[in-house]
Structure formats: C-alpha cells, structure tokens
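Visitor: I am new to this structure. Please take me through one part of it closely.

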Amino acid sequence: MAEELLYDVSDGVATVTLNRPDQRNALNGELLAALVEAMKSARDDDAVRAVVLTGAGDKVFCAGADLGGFAADAPLVDKHFASDTFLEFFRLMPRLGKPSLCAANGHVLAGGMGLALSCDLLIAKEGARFGTPEINVGAFPYMIMSIIYRNVPRKKVNEMMLLGEQISGEQAVEYGLANKVVPADEFDAALMRLGHDAMYRQQDMALDDALEFLRSQLSLTFTTEDIQEGVKAFFEKREPEWKGR
C-alpha cells in the first residue's frame, strides 16, 4: 500500500503530499503525525528553501478530519488529546523559518482549510471549491476557526460556518482565502514560481491561546447527542434528526 504522506525535495523545494485520494485525503491521526514530521524535516533541512503542501488526485486537496473519529466509541479524554497533533501543526507552520505554499489541487474543505490557510500562500486549481461544512454534522470548525478569522473578513466567516455552503476558487480569492486561481494546465508551473518567490508573513501572537480555547469547544461538542447523530446520518446518506442536545 502506498504511503499516506509523500515527501520529496527538489531544487530547494520540499513538496509534501497528502496521499489518501480514495479517502479524499481525509486526515486521521497517522497522517497528521506524518505531516508534522515532514514539516519539521523541511524546517531543519538547510537545503530546503520553500515548502509546498498539496494533495494527491485531481479533485480534493483535503476534505478535513476523518469523520469516523468523531463518532467513535472512545473516552472523551482520548478524543480531546487526539487533537494535539492539529495544534502542533498550526503552531509549527508560522515557525518554519521559510516560506510555505499550499497548492490546492482540488476542493478545500473543513479541517483541510486549516492546513491550507496555515501556509503563507494559497494557489487553487481552477474548479476547486472551499467550504466549512461542519454545521451539517452538528459541529463548528473549532480547530480551524482562529485560522480562518485571521484570513477572512468576520461576516464572511460567519456566513461560511453557519450555512456550510461552498464557494468557488474565485470567491475564495475575493474573500482572502486564496491568492490566485490558475488553470489546470498552468498549475504546476505557477506553483514552482511562487514556491521559490514566496514572502514570509507574521502571525498573530495570540494564536496559541485561541487554539487552546477552540479545542476545548470541540471537546465539549463531542459530548452532544447531535454530533453523534450528524456523523451517523452522514455515513448513512440521510438527513440528520436533530434533538438540540
């Protein structure tokens, strides 16, 4: 079986590829841990001058967290600490010491948006769509909320989270989610240019506090019946029956 994360260095650019195309590059614990290790390798390698994060396949960059973990029959404390790797990634990215670029080869959804926005630049392939659909399974995008609010105007973030609707790549550029949308046949060339020329930007110093707070909210959501019903309905391809508890 192919590795779930690919890492390659060429001409000073480290390319990190989420490699679960059959699962829409959904994030499980193993993939997140490998992603963090890959970014640390890029950070510590003097031969690496820039980092490109992308996904395998041609439809989805990342569909977010593997939803099976949300409804798993596991102790609440285990679910709480399982999100540690997300926090480690978000704290690591502003400290890479070299520019990072997300090459959104397809749709950018849920937690995948957090990965993408953690990069200094985000280039989307034409046809890619962006969204935070967590509301559809009875949750909010807690783990990435602080990242989104630091990139996108507040009212637009509110709309995205409360409606759960997707927006186009062109709209993502307009709202500040992405830098540029490029045609599929120009995608690779655009990435290499920007990967070498990317500029590093400062991050908000209060990010750690925001991440810890939002993780606690995610853990509280794990206690609700609605999130169990929302995930179950997702897998059964039916409308959820909300109970408000």
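Which strands does helix 1 lie across, and at about what angle does helix 1 run to strand 1?

Guide: A word on the source comes before the answer: this is a predicted model. Helix 1 spans residues 29-44. It lies across strand 1, strand 2 and strand 3. Its direction is at about 15° to strand 1.

Six strands form an open sheet, and their order is 1-2-3-5-7-10. The pairing in this sheet is mixed. Strand 1 (5-10) and strand 10 (180-182) stand at the edges. Each has a single partner strand, so one side of each is left without a neighbour in the sheet. From one strand to the next, the twist averages 20°.

Strand 1 pairs with strand 2, residues 13-18, in the antiparallel sense. Six bridges link the two. To find your place there, pick out Val 9, which stands opposite Ala 14 in strand 2.

Move along to strand 5, residues 100-104. Strand 3, residues 50-55, pairs with strand 5 in the parallel sense, over four bridges. Val 52 stands opposite Leu 101 of strand 5. Strand 7, residues 121-125, is also joined to strand 5 by four bridges, and these two run parallel. Here Cys 102 is opposite Leu 122 in strand 7.

How covered is strand 5? Five of its five residues are buried. In a regular strand, side chains alternate between the two faces of the sheet. On one side of strand 5 are Ser 100, Cys 102 and Ala 104. On the other are Leu 101 and Ala 103. All of these are buried, and both faces of strand 5 are covered.

Four strands form it, in the order 4-6-8-9. This sheet is open too, with mixed pairing. Strand 4 (60-62) and strand 9 (167-168) stand at its edges. Each has a single partner strand, so one side of each lacks a neighbour in the sheet. Strand 8, residues 129-131, runs antiparallel to strand 9, and two bridges join them. Arg 129 has Ser 168 in strand 9 as its bridge partner.

Lys 156 counts as buried because its relative accessibility is 14%, and the cut-off for buried is under 20%. The side chains of Lys 156 and Tyr 175 are joined by a polar contact of 3.4 Å.

Technical notes:
Residues numbered from 1 in each chain as written. Predicted model: local features only at pLDDT ≥ 70, side-chain atom pairs only at ≥ 80, totals over all residues. Heavy atoms only, no water. Buried < 20%, exposed > 50% of the residue type's maximum accessible area, 1.4 Å probe, protein only. Polar contact = N/O pair within 3.5 Å; in protein donor to acceptor, adjacent residues only side chain to side chain. Pairing = 2+ DSSP bridges. Axes fitted to C-alpha atoms, helices over the stretch in contact; angles between N-to-C directions. Contact = heavy atoms within 4.5 Å.
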